[in-house]
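Subject: Model handover and notes

Hello,

The model is below, and my notes follow it. Please read them with the structure open.

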Amino acid sequence: MVYYFTCKVVDPPALIYMGKNMEENEDLIKHGWEEDVWYDYHLNCTSNSIQMNLRVRKSNTRIYHEHDGEYYQFHVHPHSSAHVYLRLQSGQSWENIPQKLLEDLGQLTKDNSIKGCKENNVTILYTPWSNLLKTNDMATGEVSFHDQNKVKKMQVKTKNNKIINRLEKTRIEKFPDLEKEKLGAEKEKRRIVRETAIAKEQEELRLEQDRKNKEAQKSYDSLFDESNMRSNYDSNIDLEDDFITIVMTEMVEELFKPQEEEWLCNSNAAVSIWFVEPSTDPDQKFDSVQVSPTFTYSIFGHKEQIYGYKNLEIVLKFASGSLATYFDVQYTEKIPDVSSKSIADNVIDKMKEFIPNDYITNYDTFLKTVDDDAYRFKPMGEKITEYRLEQGEDEDKVYEIYKTTFETPRFKEYHRRFQIMVLFYIEAATYIDEDEKWETMLLFEKKRIGDKHIYGFVGFCTMYNYYFYNREKNISTENNINDKVPNSICVNEGKILPEDIRLRISQFLIFPHFQGKGHGSKLYQTIYQYVLSNSRIKELAVEIPNESFEAIRDKNDLRYLREHKVFEGLVAPVDKKAIDSIRRNYKLNKRQLLRCLEIELLRKLNKMDAAAYKAYRLQVKERLYNWNKEILKDVDRAERIGKLEETFKGLIEEYHEIILKYN
C-alpha cells in the first residue's frame with residue numbers, strides 16, 4: 001500500500017507518496033529512474049520507516065508523465081525516518097528546489113521519523129537518486145552513497161502542524177505497480193524517440209523533394225519531352241492543384257500508415273510456451289504441452305503490445321527436464337522500413353535479454369537434445385523428500401523435492417533457463433541476483449518410460465536468508481545500527497550465513513500444466529518442515545504474497561496448527577506471552593500467526609455469547625490499530641472508530657470464507 005498526498009505550494013501541484021513498510025521501501029529504492037534524484041541522510045541508513053515519493057504534476061499532459069522529471073529523497077539525520085522523493089519538471093535542478101516545497105518535504109519527513117518527530121532542530125539530507133549505492137549485503141531498505149560531495153543538508157527547527165494537517169487532508173491510498181510504471185515510462189520514452197525519428201525522416205524527405213521540385217522548375221531538360229506532356233483528357237488531376245500539396249498529402253498518409261491497428265498484436269497472445277519430452281506412447285516419439293504467459297510487460301512494456309508484425313508467434317520450447325531452450329520468431333509480414341530504418345519492435349533482441357545464451361534455433365537439433373537429455377538429466381542439489389499424489393495418480397510417477405543454492409553444481413546454469421517463468425507468471429517479479437544467501441527448492445516429476453526414468457520440472461520456490469533480530473538475545477539501540485550482523489558456522493557450501501535466520505519466501509511457482517493437483521501445498525509443506533527442522537531458522541516470512549499463494553499458505557498453516565492442537569483452550573483475549581511462545585515454537589511470522597489465531601478463535605466462537613464476541617472483536621481491532629497506528633494516530637476519534645469497524649467487518653467476511661473452505 002502507498003499513501004499519496006498533494007502539495008499545492010507550487011504550480012503545478014506536487015504529488016507525494018509513501019510506502020507503508022520496509023518491503024515497499026526496498027521496491028521504491030529499486031525502481032528509481034536514471035533522471036531521478038533522491039535524498040537520504042547517511043551511510044547504511046535503515047529503512048524500518050515509511051517511505052515517501054513526491055511527483056510534480058505536468059500540466060501539459062493527459063494525466064501526468066511519471067517519466068519526465070526527477071525524484072528527490074529526504075531523510076532525517078541521524079534517526080530512522082521516512083524517505084521522501086521529489087520529481088522535478090524538465091529543466092529544473094535538484095540544487096534549487098523552491099523553498100516552500102522544501103519546507104513541506106522537510107516537515108513531512110520529520111513528522112514520519114520515529115524520534116525526529118519528537119525533537120527540534122533535525123537535519124534533512126538529500127542527494128540525486130543516481131548517487132544512491134545499494135549492495136546485496138545491505139539490509140532491507142538500507143542504502144549508501146557513491147559520492148558524499150553530492151549530499152546536501154537542510155534544517156527543520158520545529159514541527160509545523162499547519163503544513164502537516166494541510167498535507168494529511170489530501171492523502172489517499174493506492175496499490176501501484178512500481179516496476180510496471182517504470183517499464184511503462186521506459187516504453188513511452190522509446191515510443192517518443194521512435195516517433196521523433198520518423199517525423200525527422202519525413203521532414204528531411206519533404207525538404208529534399210521540395211529542393212528537387214525547385215531545381216526541376218529551373219530546368220529546361222524535360223520541357224519538350226512528350227512522355228511528360230498530358231492534357232485534361234489524360235488525367236484526373238486538376239492542373240491547378242499545387243504539386244507540393246500533393247506530395248505533402250502523400251507524406252502525411254505515409255506518416256500515419258504505421259499506426260494502423262493491423263500492425264499491433266498482444267504480446268501475451270504472441271508468446272507460446274511448450275514443454276517437450278519423450279512420449280510414453282510407443283506410436284509417437286514426443287509428447288508436448290503448450291501454455292500461455294499471464295504477463296509479458298516486463299519484456300514488451302506495460303501495454304503488452306508488439307508493433308510491426310502480422311500473425312506474430314514467439315516460440316519458446318523447453319525440454320521438460322533439462323530445460324534446454326528452443327527459440328524462434330515467426331510472422332507472415334513485417335511493416336516496411338522507413339528510410340532504411342526499421343520501425344517494428346525488435347522482438348528478437350528483446351527476448352534475448354531474458355533467455356539464456358545457449359538457446360537453440362534449429363528445431364531438429366532441439367528435438368535431438370530433448371531425446372538425449374531426457375535420460376541423462378538428473379536433478380541437482382540435496383534431495384529433501386518425495387511424495388505421490390492421491391486420487392488414482394499413475395503409480396509410475398513420483399515427485400521429488402531438492403534444495404539448492406547458487407553454489408550447487410549445475411544450478412546457476414539451470415536457474416538461468418527457468419527464471420524467465422517468474423516474469424511470465426508472477427506479477428511484478430524480477431530476476432534475483434546470484435547471491436549465496438539464496439536457497440531454492442526444486443520440484444520434479446519422475447516417471448517411468450520402459451525400464452528407464454525421466455524427470456520433468458514441476459515448479460520451484462526461491463528463499464532468502466535474512467538476519468533474524470532476536471530481542472531476547474540482543475540489546476540494541478538506534479546508536480549502534482551499523483554493528484555487524486553476528487555470524488556463526490559455515491553453511492551453504494562454505495558460505496557464511498547469519499547466526500539466526502529469518503527465511504523469506506520470494507518467488508513460488510508451480511507451472512500451469514501442473515497446477516490444480518496439490519503440488520503447491522506439497523511444496524509449501526516441505527518448506528515449512530525444513531524451517532521447523534533447522535535450528536538456525538527462527539522465522540518463516542513471505543515477500544508480498546498474492547491471493548493464490550495466501551490461499552495455499554492459510555490452508556496449510558491452519559491444517560498444521562489444528563493437527564498439533566496449538567490453539568486448544570485459547571479464548572480471546574489471548575495473552576501476548578502465549579502468542580510469543582507459539583510464534584517461537586512454530587516459527588511463523590507474527591502477522592501470519594495472529595491471522596491463523598483469529599480465524600481459529602472465530603471458528604470456535606459462540607456468537608450468541610455477547611461478552612465472548614466483544615472480547616474477540618476488541619482483540620482483532622487492537623491488532624488492526626497497532627498495525628496501522630502511523631496512519632490512524634492523526635485521525636480524529638470518530639473517524640478512527642469508523643475506519644476500524646469497517647476494516648474489522650471486511651476481515652471477518654474474509655475469515656468466514658476461509659473457515660467454510662478449510663473447516
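Pro278 stands opposite Phe286 in strand 14. The two strands concerned are strand 13 (residues 271–278) and strand 14, which run antiparallel and are joined by six bridges. Strands here are DSSP E runs of at least two residues, helices are H or I runs of at least four, and both are numbered from the N terminus. Two strands count as paired if DSSP finds at least two bridges between them.

Before going on, note that this is a predicted model: local features need pLDDT of at least 70, side-chain atom pairs count only at pLDDT 80 or more, and totals for chains, interfaces and linings use all residues. Residues are numbered from 1 along each chain as its sequence is written, and side-chain values use heavy atoms, with hydrogens and water left out.

Angles run from 0 to 180 degrees between N-to-C directions, and axes are lines fitted to C-alpha atoms, for helices over the stretch in contact.

At the other end of that order, strand 17 (residues 313–319) pairs with strand 18 (residues 325–330) in the antiparallel sense over six bridges. Ile314 has Val329 of strand 18 as its bridge partner. The two strands form a hairpin with five residues between them. Leu323, in the turn, has a positive phi of about 65 degrees.

Strand 22 (residues 438–449) and strand 23 (residues 452–467) run antiparallel and are joined by twelve bridges. Phe444 stands opposite Phe457 in strand 23. Leu442 has Phe460 of strand 23 as its bridge partner. The hairpin of strand 22 and strand 23 has two residues between the strands. Gly450 in that turn has a positive phi of about 70 degrees.

Strand 22 also pairs with strand 21, in the antiparallel sense, over nine bridges. There, Lys403 has Met441 of strand 22 as its bridge partner. Is strand 22 mostly covered or mostly open? Mostly covered: ten of its twelve residues are buried. Buried means under 20% relative accessible area, exposed means over 50%, and partly exposed is in between (1.4 Å probe, protein chains only).

**Helix pairs**

Helix 16 (residues 610–627) and helix 18 (residues 637–662) pack at about 110 degrees, with axes 10 Å apart. They are therefore roughly perpendicular. The cut-offs are under 35 degrees for roughly parallel, over 145 for roughly antiparallel, 65 to 115 for roughly perpendicular, and oblique for the rest. The contact (heavy atoms within 4.5 Å) includes Tyr613 and Arg617 of helix 16 and Phe648 and Tyr655 of helix 18.

Helix 12 (residues 519–533) and helix 13 (residues 547–563) pack at about 55 degrees, with axes 10 Å apart. That angle makes them oblique to each other. Their contact includes Tyr524 and Tyr528 of helix 12 and Phe549 and Arg553 of helix 13.

Asp177 lies in the loop between strand 11 (172–174) and helix 4 (178–218). Asp177 counts as buried because its relative accessibility is 19%. Leaving aside neighbours within four places in sequence, Asp177 is in contact with Tyr297, Glu427 and Ala428.

**Chain totals**

The chain has 18 helices and 27 strands. Of its 663 residues, 48% are buried. Among contacts between residues at least 6 apart in sequence, 72% join residues at least 24 apart.

Best regards
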